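Hi,

Here is the structure I promised to pass on. Please open it first, then read my notes below.

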Amino acid sequence: MTLLSVPLIDISAFDSPDEPTRRALVARVAAACRDIGFLTITDTGVSADSIAAVITECRRFFDLDLAFKLAAGRPQPDHIRGYSGMGTEALSQLDNEAAPPDLKELFDVGPFDLPCDDAYYALENAGASFASNVWPEKSPGLRPAMCEYFTSMDALAHRMTHIFAAALDLTEDYFDDKTDRHISILRANYYPKQTTPPLPKQLRGGGHTDYTAFTILWQETVVGGGLQVRNMNGDWVDVPAVPDSFVVNIGDSLARWTNDTWVSTMHRVVNPPPDIAAEVDRLSLVFFFQPNYDAVIECISTCQGPDRPAKYAPVTNGAFLAEKFAEQQIANA
């Protein structure tokens, strides 16, 4: 039976010495990735203290006066680092229509503490993948909190690559050499209280798919709803905020890698009812796990065959992302 809602999966079973238990976990993950492209994972090993610290520091930052936040803004449009204010992003791709800007503020962090003697991180093909991070002077606690959380997400993401590889009938280390110098981004999304009504079709986050291999999301529990995913029946269904869990969703590059065996699903963040939206803000933490910029995304052997040829030509992740970003700029022009 096709999954039409997001399953809740305890991933600790992957470490079980009992092989049937482990196989059952892998099968559940594979079904979620094939049917709906989303799963909510528990028992991840991520420190509750790390989560609490980054939440506290992000809220302190977003509470600053706008001038102080803008001082930590993006140094260049293609450097996805630092602060971006309200009205700077319109994610919606629905109906190929220009969308009103999303009702949120952002703060982005990329890889840090990179080895200065490794030329790989400075090659021209890397583009802005390893651009320097931008930190706000008025919020000194943000840097250590976000770096610690980034490190936690790095470890969890690599654990998920092993689970995903097993779910694709590959060796667990299949993705290791394709993600060992990944170009991931940690983003804090802040959705302020809505003191004025949204424009028509304007949401906290418009409908879109992610360009990632996959995304790991921590979402705050608030009244009035939030994240929704569009299932295979075309229905928008809520993704509940489960305590001590993370939401994982398949992105466009991993869907391409799997010959669309796994799905990168449209999702959005809806506005609460007006009376709630005026009183309730919302924070989420998003880890966009991106392979190495020179990793080649090509059809995995277990996802093709004589009656199912590869649908896409091989492409490096850097070229794939450049194409996707160009498409978004045209769509939002």
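Where is the place of Arg-159? Arg-159 sits in helix H4. Helices here are DSSP runs of H or I with at least four residues, strands are runs of E with at least two, and both are numbered from the N terminus.

First, the ground rules. This is a predicted model, in which local features need pLDDT of at least 70 and side-chain atom pairs count only at pLDDT 80 or more, while totals for chains, interfaces and linings use all residues. Residues are numbered from 1 along each chain as its sequence is written, and side-chain values use heavy atoms, with hydrogens and water left out.

Leaving out residues up to four places away in sequence, Arg-159 touches Ile-11, Ser-12, Asp-15, Asp-43 and Thr-44. Contact means heavy atoms within 4.5 Å.

H4 covers residues 142–167, which is 26 residues. From its first C-alpha to its last, H4 reaches 36 Å, close to the expected 38 Å. The expected span is 1.5 Å times one less than the number of residues. Asp-169 follows H4 and has a positive phi, near 60°.

**Overall shape**

The protein has 8 helices and 14 strands. Its radius of gyration is 19 Å, close to the 20 Å from the globule rule for 333 residues, so the protein is as compact as a globular protein of that length. The radius is taken over C-alpha atoms, and the rule is 2.2 Å times the number of residues to the power 0.38. The C-alpha atoms fill a box of roughly 55 × 50 × 40 Å along the principal axes.

Buried residues make up 54% of the 333. Buried means under 20% relative accessible area, exposed means over 50%, and partly exposed is in between (1.4 Å probe, protein chains only). The accessible surface is about 15200 Å², and 53% of it belongs to carbon and sulfur atoms. Areas come from the Shrake-Rupley method with a 1.4 Å probe; for residues, only the protein chains shown count as cover. Of the contacts between residues at least 6 apart in sequence, 80% join residues at least 24 apart.

**The cores**

In soluble globular proteins, nonpolar side chains tend to be buried together. A nonpolar core here is a set of buried Ala, Val, Leu, Ile, Met, Phe, Trp, Tyr and Cys residues joined through side-chain atoms within 4.5 Å. Which residues touch the most other members of the largest core? They are Phe-164, Phe-214 and Phe-246, in a core of 65 residues. H4 gives the largest share of this core, 14 residues. A second, separate core has 15 residues, including Ile-80, Tyr-191, Val-247 and Val-269.

Beyond its neighbours within four places in sequence, Phe-164 is in contact with Val-29, Cys-33, Phe-214, Val-248, Ile-250, Leu-254 and Trp-262.

**H1**

Helix H1 runs over residues 19–35. Its 17 residues should span 24 Å, and its end C-alpha atoms are 24 Å apart, which agrees. Among its buried residues are Arg-22, Val-29, Cys-33 and Asp-35. The buried residues of H1 pack against strand E1 (8–10), E2, H4 and strand E10 (245–250). Gly-37 follows H1, with a positive phi near 75°.

**Thr-42**

Thr-42 is in strand E2 (residues 38–42). Thr-42 is buried, at 18% relative accessible area. Not counting residues up to four places away, its contacts include Leu-8, Asp-10, Asp-244 and Ser-245.

**Cysteines**

How many disulfides are there? The count is 0, taking a disulfide as a pair of cysteine sulfur atoms within 2.5 Å. For Cys-33, the closest cysteine sulfur is in Cys-303, 11 Å away, too far for a bond. Cys-33 is buried, at 0% relative accessibility. The sulfur of Cys-299 is 6.0 Å from its closest cysteine sulfur, also in Cys-303, and that is too far for a bond. Cys-299 counts as buried at 15%.

**Positive phi**

Most residues other than glycine have a negative phi. Asp-113 is not a glycine, yet its phi is positive, about 50°. Asp-113 lies in the loop between strand E4 (105–109) and H4, and is exposed at 70% relative accessibility. Asp-260 is not a glycine either, and its phi is about 65°. Asp-260 is in the loop between helix H6 (252–257) and strand E11 (267–269), and is partly exposed at 29%.

Best wishes
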